[in-house]
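Here are my notes on the model, as numbered points. Have a look at the chains and where they meet first, then read on.

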Amino acid sequence: MAPLVELVGVGKGYGSATAVHPLSLRIGEGEFVSILGPSGCGKTTLLRMIGGFVTPDEGSILIDGRDVTRKPPEKRATNMVFQGYGLFPHMTVAQNVAYGLRIARVARTERARRVAEALDLIRLADLGDRAVSALSGGQRQRVALARALVMRPRVLLLDEPLSALDLKLRLAMQEEFRRIHAQVGGTFIFVTHDQAEAMSLASRICVMEAGRIVQDGTPEDIYRRPASRFVAGFIGEANLFEGVGSDERVRLSCGTVIPGAGAEGPIVCVVRPEAVTLAADPAALPDQCDARLFATVEDVVFLGPEVRTTLRTDSGAQALALSRTAGPLRPGDRVTMGWATADQQVIAA
Amino acid sequence: MRQALRTASFQLLPGLAILAGLFLLPLSYFFVVSFWQVRTFRLRPDATLEQYARVFTEYGSTLAWTLAIATLIATVTAAIAFAYAHYCRFRAGRFGDGLIFLSLVTLFGGYLAKIYMWKTILGGTGALNSALMALGLTSGPIPALLFSPFAVIVTLTHYCLPLAILPVYGALRGLDDTAIEAARDLGASGPRIFRDLILAQARGGLTAAFALTLVITAADYVTPLMVGGPSSNMIGLFIQSQFGNRLNSPLGSAMAFVTIACCGLIVLTLSLTLRALTRPRT
Amino acid sequence: MRSMAHIGAALTAIFMLSPLVILVIFCFSESPLLAFPIEGWSLRWFDKAFSDPQFTNAFRNSMIVTGAVGVTSTLTGTLAALALAKLPPRLATATAAALSLPVMVPPLLLGVALLTFYSTWIGLPLGLPAVILSHLVFTQPLVMLMISARMASFDHAAVEAARDLGASPIQSFFHVTLPMIGPSITGGTLIAMALSLDDFLVTFFTIGGGMTLPTLMWGMLRKGIDPSVNVVAVTIMGLSIAATLIGFRLTRYRG
């Protein structure tokens, strides 16, 4: 099946700075894709190129098999939810939502029906006559969403739509997005710098760094099998142990040799903190922990559902372990960190 | 991006045309004229500094007097404007907006009317003398109120004050209350806060207020003509008369440019002094 | 200390306002002498001024100049402000500074420079068209600055959203940009008109033989005491203050 959105060698620079290196990307019908990266990585430029607000320097963009590279935004089957919402301050909520339909000359009765439907979907059915200035941040956010959704776009583009909201509202809106995506279907492309948001919303994440897509996969894939040191560090917390790999074994910089297939030469061994088990006596570690490392406890913090132990390995690297119960560990204690090599990821450094 | 720049340059075209054709070009031409001469009532192109020499020899004392009185007026006006704006921003509470509104009311409307009103207020039978006599403070009218440098100072200060308040108030509004609280929290006393924060913040607005008043005052001729006496001849009168009955535009041009240049120097000096005074130190 | 500040501010306010108040009072005074106490009230000076053909003529000329200056400087100033919003910040600042240069030049210098330019170089006859052109120089930057101030807080995403929803560039300008900056444009226009209406110096040098309200007033002042000059002054003042206040109100300008 042909992809709904296809980017072929699309690149963009501003003056001497490159915002997006030529990249290709295929997004299928019904996907909820998140483009994730730190600020300045080119993710918003990428989204704005799909929306038609930025013309690429090279490459082409296809939507539904048709080349739209040079088409202005009003001629594209995409609609965007803007970071600052971009609501029309001189129109009411309903007028905002109806605007695109009026431009498209949708008949009045049909228009009223679709606006009501859209307001219903975002649960603001009673506020159609309100001025947008009288809305709260979360409500404005939802009006911006309704204004785009009422157009029934083939692709809905969302540019950091939740960044202006506080944490509680952000979590509630994430739930709303999931519900609305399930209800209306369609393809959503969602730009964010918040990895937790990307993980909780998207079925597919493209991680961007310095204008390149450095990894593209399911949230679980990206968490468990980060393709680079950057991805490992950006998505969740990770222990990064440097070393040298050869013959299915890894010699970490502290001298310890652990089993581990992967690259030859300098490597980074990525171990998620929840995969680490700590024990004062190495013999007490469970059998599946076939990789072991000596370390000194630096701090133990009780967080409720979990206990966070920061450690320093004998080679001086900082390490972190998350466990469900607090052991009798205190700062200064000598411990053995153990994990299953099945849970580690060895990446060429 | 390139598209946007192209649209922008088209949109700028009419504005820039007005600037170039009706301001830069006339002013440059007028400057060139200051090196010309008038012979047998006709303007002759030349490259002489004769007009400039005349400005300093024949009108030197008038120029100095004009600059002195203009500097005095600009200083007084900027000081009152600062005090008023400061009061509106920090002291007046909810009346602050109303007091600023009041200065807006008097901003435009009646350049001539204001000068003329001061003439009647300060006149022998005018409001001020009548009031002073009614209160029994003076037995007869004080003639020195009108046709004196005092009248010029009062009138021009009144005219320029609203224009001077606005930039100062605008600058003070940019200073938020938390910055002042932070300074207090860090141990700054009242006078320190005044110098390090308020004066530093108001510097731009204060300089603008001073410069505006100085330039308007130094080049005004209606006020000295209407309310100034024979002792308050200002350079504006002589500039104006070169285009009236004396028909010597080269000399008028030279006078105008010398006056502007002197104003520029005065503003520069003030601006550097204020900067040195309020410069943040580490 | 506190009460000193209150008294100082009150005195300043009285100082600023009293000449205007006294002028209005004199307009309604029966006596031709401008002195207190006022002995009787009448509207005769209004009758006298308004029935004077010179006044009607000057009023008409003032309206022509103000109207033409208002429309033209609004067009060029608004276009310039829209362009500034598109330029890179440093270029925009430099361009705005260049366009505002005329505001920093004293009107006397502007007047005599334009007089010399018109009459000895390009041969433009003095008169109302010359006055209108001259007023554009100092009113255009005001309109531009007031609209630029609005554009600084303008939500560009709203225009992009309109494009995204299918509006063409022209549609998005008329549906979104214009309604959003409209009040500022009207405000800028009114303030430009107030400035043009009140201008005496530049008009005086470029009008030749004709008259606007300020030059009429000047003529009356030079001739001697005619109390209907108060009415002319009040007309100029009333019109320009009204325009300024509505203008500032619309632009929500505060300092």
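1. **Polar side of the C/B interface.** Between chain C and chain B, ten residue pairs are in polar contact, both residues being at pLDDT 80 or more. A polar contact here is a pair of N or O atoms within 3.5 Å; within protein, one must be able to donate a hydrogen and the other to accept it, and residues adjacent in sequence count only if both atoms are side-chain atoms.

2. **Ground rules.** This is a predicted model, so to speak: local features need pLDDT of at least 70, side-chain atom pairs count only at pLDDT 80 or more, and totals for chains, interfaces and linings use all residues. Residues are numbered from 1 along each chain as its sequence is written, chains are lettered from A and ligands numbered from 1 in the order in which they are written, and side-chain values use heavy atoms, with hydrogens and water left out.

3. **Extent of the C/B interface.** Of the two pairs of chains that touch, B and C have the most contacts, a contact being heavy atoms within 4.5 Å. Chain C brings 74 residues and chain B brings 73. About 6600 Å² is buried between them, with carbon and sulfur atoms giving 81% of that. On the chain C side, C:Phe15, C:Met16 and C:Lys86 lose the most area to chain B, together 10% of what that side buries. Buried area is the accessible area (1.4 Å probe) that two parts lose on being put together, summed over both.

4. **What chain C shows to chain B.** Helix H1 (residues 2-27) of chain C supplies the largest share of this side, 14 residues. Helices (H or I, at least four residues) and strands (E, at least two) are DSSP runs, numbered from the N terminus. By type, the chain C side splits into 58 nonpolar, eleven polar and five charged residues. Ala, Val, Leu, Ile, Met, Phe, Trp, Tyr, Cys and Pro count as nonpolar, Asp, Glu, Lys and Arg as charged, and the others, Gly among them, as polar.

5. **The A/C interface.** Here 22 residues of chain A meet 19 of chain C, burying about 1600 Å², of which carbon and sulfur atoms give 59%. A:Glu74, A:Tyr99 and A:Ile103 supply 33% of the area that chain A buries against chain C, more than any other three residues. The rule finds two salt bridges across this interface. In one pairing, the side chains of C:Arg163 and A:Glu74 meet in a salt bridge at 2.7 Å, N to O. E6, H2 and helix H4 (137-149) of chain A each give at least two residues to the side that touches chain C. That side divides into 13 nonpolar, six polar and three charged residues. Chains A and B do not touch, and their nearest C-alpha atoms are 8 Å apart.

6. **Cores.** The largest nonpolar core has 229 residues; among those with the most contacts inside it are A:Tyr99, B:Val222 and C:Met217. Its largest share, 13 residues, comes from helix H6 (residues 128-152) of chain C. A second, separate core of 28 residues includes B:Leu102, B:Leu161, B:Ile193 and B:Ala202. A nonpolar core is a set of buried Ala, Val, Leu, Ile, Met, Phe, Trp, Tyr and Cys residues joined through side-chain atoms within 4.5 Å. Buried means under 20% relative accessible area, exposed over 50%, partly exposed in between (1.4 Å probe, protein chains only). Beyond four places in sequence, B:Val222 touches residues of both chains, including B:Tyr111, C:Phe200 and C:Trp218.

7. **Chain A overall.** Chain A has eight helices and 20 strands, and its C-alpha trace spans about 75 × 45 × 40 Å along the principal axes. Buried residues make up 50% of its 349 residues.

8. **Backbone spots to check.** Most residues other than glycine have a negative phi. A:Tyr85, in the loop between strand E6 (78-81) and helix H2 (93-103) of chain A, has a positive phi near 75°. A:Glu160 also has a positive phi, about 45°, and lies in the loop between strand E7 (155-159) and helix H5 (167-184) of chain A. Are these two buried or exposed? A:Tyr85 counts as buried because its relative accessibility is 8%, and A:Glu160 counts as buried at 7%.

9. **B:Trp36.** This residue sits in the loop between helix H1 (2-33) and strand E1 (37-39) of chain B. B:Trp36 counts as buried because its relative accessibility is 15%. Its contacts beyond four places in sequence include B:Tyr29, B:Arg44, B:Asp46 and B:Pro250. The C-alpha atoms of B:Trp36 and B:Ser253 are separated by 9.9 Å, with the residues 217 apart along the chain.

Terms used
Salt bridge = Lys/Arg side-chain N within 4 Å of Asp/Glu carboxyl O.
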